[in-house]
Amino acid sequence: MKEKFHSLKVRDILISLIVLMLAINLNLLVSDYFFQVDLTEEKRYTLSEATKNILTDLDDVVYIDIQLEGDFPAGFKRLNRSIHETLEVFRSYAGDKIQYKFTDPSLAKNSKARNQYYQYLADLGIQPTNIHATENGKKIEKMIFPGAIVSYGGQDMGVMLFKGNKSAPPQERLNQSVEGVEYELISAIKKLTNIERKKVAIYNGDRKIKNKALDGLQQALKDDYDLTFIKNMSELSNYHALMMIRPQQHFSDREQYIIDQFVMRGGKLLVFGESFEINTDSLRTDGSAFALQKDLGVADLLFKWGVKVQPNIIQDLNAGTYPIVTGNMGDQPQIQLMPFPYYPLINVFGKNPMVNNLDAVKTAYVSPLDTVKVKGVQKTALMYSSPYSRKVTAPVLIELTNMRGQIDPQKFNQGPIPIAYLLEGNFQSIYKNRFLPAFADQVNFKKESAHNAIVVVGDADILINEVNPQSGEPVALGVDPFSRQDFANADFVRNTLNYLLDENGIIIARNKSVKIRPLDKVKVLEEKLFWQVLNIGLPVLLILIFGIAWYFIRQQRFAKF
């Protein structure tokens with residue numbers, strides 16, 4: 001009996017050693033291979049293929065310093081946790097080439113050093129946010145910088161991680177920020193590591209738009225693309241994209257042919273323009289101006305490819321403000337900022353990564369768009385006016401004095417009205433099935449494009465920044481000169497070019513969706529005690545049952561000896 005017990009003991013020891021050796025060998029085997037299983041419904045821990053490719057191809061170390069450490073409300077703690085989780089997934093693909101840390105900017109040695117560091121963050125584009133926090137039982141107002149400094153090859157870039165639509169509730173905006181963490185971080189890494197930059201040609205078709213009025217556009221795109229202003233289309237083949245700003249003049253047959261073949265050969269086209277012309281100087285000085293109908297110079301091309309800019313102007317109750325004289329006090333006019341229906345604030349977007357979780361966009365004097373059925377071309381509406389908008393046919397007399405009266409909301413019932421479209425597919429040349437002009441390249445003529453994309457927006461002012469009349473300095477793109485509110489015009493333009501020109505497709509990461517699943521507060525109060533007892537008592541009870549069962553099993557087993 002004793003020998004049998006000894007042999008059983010030896011057997012158990014050998015089995016334990018074999019299991020241990022198998023576990024060690026299995027760990028050594030899988031350590032060289034990474035895999036993960038994302039069990040979340042929205043795949044929040046799964047990176048896009050473009051993100052994975054960029055991370056696995058890194059040549060040097062990327063350092064990321066997240067300025068979001070400290071005691072925050074629950075929403076910002078969730079954002080902090082999401083950033084940490086995303087960076088850990090980054091490291092699983094890039095290894096030690098992703099190094100990160102979390103910093104509390106307020107923990108500087110003294111107030112002078114702290115203010116200098118705050119200014120450094122602001123210069124990088126990381127803007128502060130005021131939040132209400134609790135420290136030592138006291139409610140205080142705290143300034144935080146919800147962003148990150150991404151460094152590579154001796155270059156630093158600031159990244160704002162608290163974004164989203166400002167008009168959304170705070171929790172929803174924080175959730176939008178969580179959804180955008182991957183895109184914001186990988187975009188910065190791509191900018192710093194990308195050597196080959198795409199070339200973008202900008203054609204300004206309105207002589208009244210001076211260079212300073214497009215300074216904001218250049219500042220918004222200079223970190224991503226090489227920009228060149230062109231006066232004619234002769235060198236268009238050297239560029240990857242063409243941005244046309246209010247192209248209302250007539251193009252020659254040769255120029256139209258060049259634009260047509262540019263698109264047929266894969267060039268990306270972006271058209272920003274209205275179907276009317278307004279003398280805004282007359283509006284400022286005389287208080288009135290006519291909006292006169294005027295077609296775009298590329299109207300025939302756009303119609304052939306599936307979109308038409310309508311000869312109307314949009315009025316919207318969800319609008320920006322304009323300084324209007326409301327009366328006089330003595331010999332001094334009383335000026336008041338009032339909603340101006342010709343300045344629609346766009347806050348209704350379609351389903352596309354370009355506009356997902358985008359903040360409101362500022363526009364002025366907008367034309368609605370209509371689509372034309374074209375085989376092989378898919379149309380996606382990107383932006384709409386608000387539900388409280390309407391179309392007015394040009395010519396229209398715009399009078400500031402009318403803005404002082406009561407506006408009847410019942411008349412603004414035609415919205416939402418589409419003002420921007422994405423066209424994707426195989427575009428056909430307008431010269432297909434026609435005799436080619438004498439100057440055309442008869443041999444290399446392309447009558448149809450491969451899969452390509454075009455963006456058309458019924459507004460050019462979306463790209464134009466204001467100029468400070470006192471200092472003469474241009475204001476940033478998207479900043480309202482009267483209310484000083486910052487809109488997402490620059491983000492929209494960047495996203496649009498990124499969508500069209502980024503072959504890696506990292507903008508698809510903007511489609512990430514993280515659902516908010518709030519607890520039922522009433523049920524929490526009613527069932528709080530039950531769940532506390534269950535969570536604390538059940539594990540203890542299970543351990544006791546297992547211990548007792550194991551005791552009786554051992555009794556029965558060894559009683560045989």
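**Salt bridges in a predicted model**

User: Which residue does R246 form a salt bridge with?

Analyst: R246 forms a salt bridge with D461, and their closest N and O atoms are 3.0 Å apart, where a salt bridge is a side-chain nitrogen of Lys or Arg within 4 Å of a carboxyl oxygen of Asp or Glu. R246 lies in the loop between β9 (241-245) and α8 (253-264) and D461 in the loop between β24 and α11 (489-501), so the pair ties together parts that are 215 residues apart in sequence. Helices (H or I, at least four residues) and strands (E, at least two) are DSSP runs, numbered from the N terminus.

User: What sort of model is this?

Analyst: This is a predicted model, in which local features need pLDDT of at least 70 and side-chain atom pairs count only at pLDDT 80 or more, while totals for chains, interfaces and linings use all residues. Residues are numbered from 1 along each chain as its sequence is written, and side-chain values use heavy atoms, with hydrogens and water left out.

User: Is R246 buried or exposed?

Analyst: R246 counts as buried, at 11% relative accessibility; buried means under 20% relative accessible area, exposed over 50%, and partly exposed in between (1.4 Å probe, protein chains only).

User: How many salt bridges are there by this rule?

Analyst: The count comes to 12 salt bridges.

User: New topic: which peptide bond is cis?

Analyst: The bond from A394 to P395 is cis, with omega near 5°, and P395 is found in the loop between β21 (389-393) and β22 (396-399).
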